[in-house]
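Dear colleague,

Please find the structure below, handed over for your own work.

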There are 2 protein chains.
Amino acid sequence: MLTLHFAPNSRAGRIVWLLEELGLEYDLNRMDFHPKDLKSDAHRARHPLGRVPVLDDGDIRMWESGAIVEYILARYTDGALKPAVDSPLFPQYLQWFHYCEGMVMPPMNTIVVQTILLPPERQSKEALDQATRLLTRALAPINETLEGKDYLIGDFSAADVMLGHSCFMSNRFGCVGEELTHLRAYVERIEARPCFQKAINT
Amino acid sequence: MLTLHFAPNSRAGRIVWLLEELGLEYDLNRMDFHPKDLKSDAHRARHPLGRVPVLDDGDIRMWESGAIVEYILARYTDGALKPAVDSPLFPQYLQWFHYCEGMVMPPMNTIVVQTILLPPERQSKEALDQATRLLTRALAPINETLEGKDYLIGDFSAADVMLGHSCFMSNRFGCVGEELTHLRAYVERIEARPCFQKAINT
């Protein structure tokens, strides 16, 4: 049985979303997104930095949402939500899958730190402004690729689980401008998926 | 023919390293790591944010070093440098592959920005100190996993191309403490590989 160590408003939501889309059974260890849970001895024994998601599959323990998504697709599906290696969609799938942590999440993390996690007296307006500019620039190519498409590579794929989740977060922090019409429609499309709703309401 | 758009001291070095380890032929478009090249119209036509690496494979154009590594392994090898899906090493391979951009590169990027890219009057000591603390914490689990092993999953793999490159960078910026003995030996082991030397001297 798969066990997902989870906290709301984190990358762990991606894994709930994926597991629900695939119809896989799993146990959920729901923690609060708070040091009392994430920095507890029990959770630090799972991940020394107290991060989520962590996936247990029998004796196997894994960190990193991108790795966990790849693992679940490879071990628990027959090619679902991912183009075959010889598909013309394969390169773009990989690119947008990795664009999530490579380009969008670093400024998104800074914005979370500088608005929610740090106390007001330690927040830096310059750091926040710089991250907002970076994020705005990183979102533009996503908006462009979505023109005429429902999802990043056309049909819904695991690239949407990764990058779509980041776009949803970016939108929630008010960083998806009115002019990014394709991206705004994409976020609405994601929010309308029942499995995504389940993930963000867990 | 594969064409790699490259600049030194960037993630593009990972792709040179991988191509050399695999013995694949490729053309190299070597640019300077400077806005005159990376933010030029010619390069912005390849990547709207002016980033490297960019890989061209005929009509296919791809960004993101992690995506490019996965693409080359899948399309140009018969399973080299990556454990099979049913291998007991597969989960750890994925985890360390993704740990690179998920945990190590965000603080590493901040350190580069706050020491090299920003002019001194715009550098923030608080941002630098915070990133250095984060990076130090992120490196500890890598040091731990390397105990008794030459590479992240034992034999050399593409996870080393990703995360090993980040460890090399971290060490160059003085962020690998004396106490991280396994990690220091690992960086030396990487530096001794001829294909890595070729990558960082390109």
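One definition is needed at the outset: a crossing is called left-handed if the near helix is turned anticlockwise from the far one by less than a right angle, and right-handed if clockwise. Please also bear in mind that this is a predicted model.

Within domain 1 of chain A

By that convention, helices α1(A) and α4(A) form a right-handed crossing. Helix α1 of chain A spans residues 12-22 and helix α4 of chain A spans residues 65-76; the two pack at an angle of about 15 degrees, with their axes 10 Å apart. Angles under 35 degrees count as roughly parallel, and α1(A) is therefore roughly parallel to α4(A). On the α1(A) side, the residues involved are R14(A), I15(A), L18(A) and L22(A), which meet S65(A), I68(A), V69(A), I72(A) and Y76(A) in α4(A). Sorted by class, this contact comprises 7 nonpolar, 1 polar and 1 charged residues.

Between the domains of chain A

The domain assignment divides chain A into domain 1 (2-76) and domain 2 (90-193). Taken over C-alpha atoms, the centres of these two domains of chain A are separated by 21 Å. Contact between them involves 7 residues of domain 1 of chain A and 6 residues of domain 2 of chain A. On the side of domain 1 of chain A that touches domain 2 of chain A, α1 and α4 of chain A each supply at least two residues. The largest share of that side, 4 residues, comes from α1(A). Its residues divide into 4 nonpolar, 2 polar and 1 charged.

Within domain 2 of chain A

Helix α7 (residues 158-172) of chain A and helix α8 (residues 181-191) of chain A have axes that come within 10 Å and cross at roughly 110 degrees. This makes α7(A) roughly perpendicular to α8(A). The contact is formed by D160(A), G164(A), C167(A), F168(A) and N171(A) of α7(A), together with L183(A), Y186(A), V187(A), I190(A) and E191(A) of α8(A). By class, the residues of this contact are 6 nonpolar, 2 polar and 2 charged.

Between the chains

In the contact between the chains, 30 residues of chain B meet 29 residues of chain A. Four elements of chain B, β4 (60-63), α4 (65-76), α5 (90-117) and α6 (125-145), each supply at least two residues of the side that touches chain A. Of these, α5(B) gives the most, with 10 residues. That side of chain B has 18 nonpolar, 6 polar and 6 charged residues.

Chain B is superposed on chain A by a rotation of 180 degrees with 0.0 Å of shift along its axis (RMSD 0.0 Å). The two copies are thus related as by a two-fold rotation axis. The same surface serves both copies, as 97% of the contact residues of chain B recur in chain A.

The axes of α4(A) and α5(B) come within 7 Å and cross at roughly 150 degrees. Angles over 145 degrees count as roughly antiparallel, so α4(A) is roughly antiparallel to α5(B). Their crossing is right-handed. Here G66(A), A67(A), E70(A) and Y71(A) of α4(A) make the contact with P91(B), L94(B), Q95(B), F97(B), H98(B) and G102(B) of α5(B). The residues of this contact divide into 5 nonpolar, 4 polar and 1 charged.

With kind regards

Methods:
Residues are numbered from 1 along each chain as its sequence is written. Chains are lettered from A and ligands numbered from 1 in the order in which they are written. This is a predicted model: local features need pLDDT of at least 70, side-chain atom pairs count only at pLDDT 80 or more; totals for chains, interfaces and linings use all residues. Axes are lines fitted to C-alpha atoms, for helices over the stretch in contact, and angles run from 0 to 180 degrees between N-to-C directions. Angles under 35 degrees count as roughly parallel, over 145 as roughly antiparallel, 65 to 115 as roughly perpendicular and the rest as oblique. Two residues are in contact if their C-beta atoms, placed from the backbone, lie within 7 Å. Ala, Val, Leu, Ile, Met, Phe, Trp, Tyr, Cys and Pro count as nonpolar, Asp, Glu, Lys and Arg as charged, and the others, Gly among them, as polar. Domain bounds come from an automatic or database domain assignment. Copies are superposed by least squares on the C-alpha atoms of residues with pLDDT of at least 70 in both.
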